[in-house]
Amino acid sequence: MSRSNPNSTSPVKKDETGYRVRLRFRATKALGIADSQIPITIDRRNLEIRSDPRDQPLNKAKWFVISAGGFRDELEALQFGERLRSIFQIASLCSHWGIDVGNDTATSWIDEEYARELGLIEPHQRIAGNIHGLMTFPDDDRTRVPHSEITLSVQSNVEHLLSAIESLATQADLEKYAAQRGVTLLNHAIMQSEPLTRIVLAFSAVENLGQAETWSSEQTQMLKQAADAVQALTTGSPEERREVSDAIIRGTHRIGLRQGVIRVLRELGFADRIREWDNLYRLRSGVIHGTAKLDDGQLNELTGKSVKFAMEVIIRRLQHMGLNIPEVAKTHFSF
């Protein structure tokens, strides 16, 4: 690795149909230079260490980005990215800098459709999460990254906020609605930048509603009859039959998570969205347990859908409890 001539050109010609790789990392210390970028050369590629967000002086930066394009395919881009990451990890140790190259997850993201509605990106452009670590994407100048490739300053609509406040200020006993755990969980979810954290909080908000569900008196009676039927069997010893009977009662003391959620959805008039919940939950479980490999766009889509679904359920629940939902909510959610 060597410093490059800022006036030189890269020997690798950019392929509009190829791929780019981007490494974003944070450091314990800023770099002692007032410039916002430093030219370097790695494997005959002219690159730059630059601050994130762009144009911030490196002596004030906490986050840094290096990117390279002109790769034939995603694999070639990723292989160079891994080499780049290794170089910087070792160089950091040798120079006593100290960097964190992350685990290739997003620290900030905005829903692509929402970004278009706000006019933050053009119709032909795409949004990618601001990954802490390595990411690859098509080398076609259509990818925009929040707080990096472009500056996305997303602000709440003050008129919407004031309208909601005015509507709620006329209502009594708001504390019982705000005390609903789902309200707190979803506020936390909205504030998070890491997709997995937002997904977990969103699903927890809905599952929390289902935990209040209990067996009906008829179901409780059926469970007791099943436990008594086991005791009446001749199979096994009396002790073994008693253990199985106890297990029936103990194992079914509370209804399952999915059962509780399904009940809540039906009670709220969302029976037609049970399949949607199951599909989202399947993807959520696959991502968390590592059995589903979603790319950045798919993960961000799952995050957006999960949070929106949970918010619609919680707001509908508040409505069923007696809260007069502000009209402005209809501009954001399906009611």
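The structure holds eleven salt bridges. A salt bridge here is a side-chain nitrogen of Lys or Arg within 4 Å of a carboxyl oxygen of Asp or Glu. In general, side chains of opposite charge can pair when their charged atoms come close.

Before the examples, two notes on the numbers. This is a predicted model, where local features need pLDDT of at least 70 and side-chain atom pairs count only at pLDDT 80 or more, while totals for chains, interfaces and linings use all residues. Residues are numbered from 1 along each chain as its sequence is written, and side-chain values use heavy atoms, with hydrogens and water left out.

Start with R20 and D139, which form a salt bridge whose closest N and O atoms are 3.5 Å apart. R20 is in strand β2, residues 19–27, and D139 is in the loop between β9 (131–138) and β10 (143–144), so the pair links distant parts of the chain, 119 residues apart. Helices (H or I, at least four residues) and strands (E, at least two) are DSSP runs, numbered from the N terminus. D139 has a relative accessible area of 0%, so D139 is buried. Buried means under 20% relative accessible area, exposed over 50%, and partly exposed in between, with a 1.4 Å probe and protein chains only.

Next, R24 and D52 meet in a salt bridge at 2.6 Å, N to O. R24 is buried at 5%, and D52 is buried at 4%.

Which residue does R273 pair with? The side chain of R273 meets that of E312 in a salt bridge, 2.6 Å from N to O. R273 sits in the loop between α9 and α10, and E312 in helix α11 (residues 296–321), 39 residues apart. R273 is buried at 14%, and E312 is buried at 2%.

There is also a network of salt bridges linking E82, R85 and D104.

Now the helices. The axes of α9 (residues 257–267) and α10 (residues 274–289) come within 10 Å and cross at roughly 145°. Axes are lines fitted to C-alpha atoms, for helices over the stretch in contact, and angles run from 0 to 180 degrees between N-to-C directions. On the α9 side, R258, V261, I262, L265 and R266 meet I274, W277 and D278 in α10, where contact means heavy atoms within 4.5 Å.
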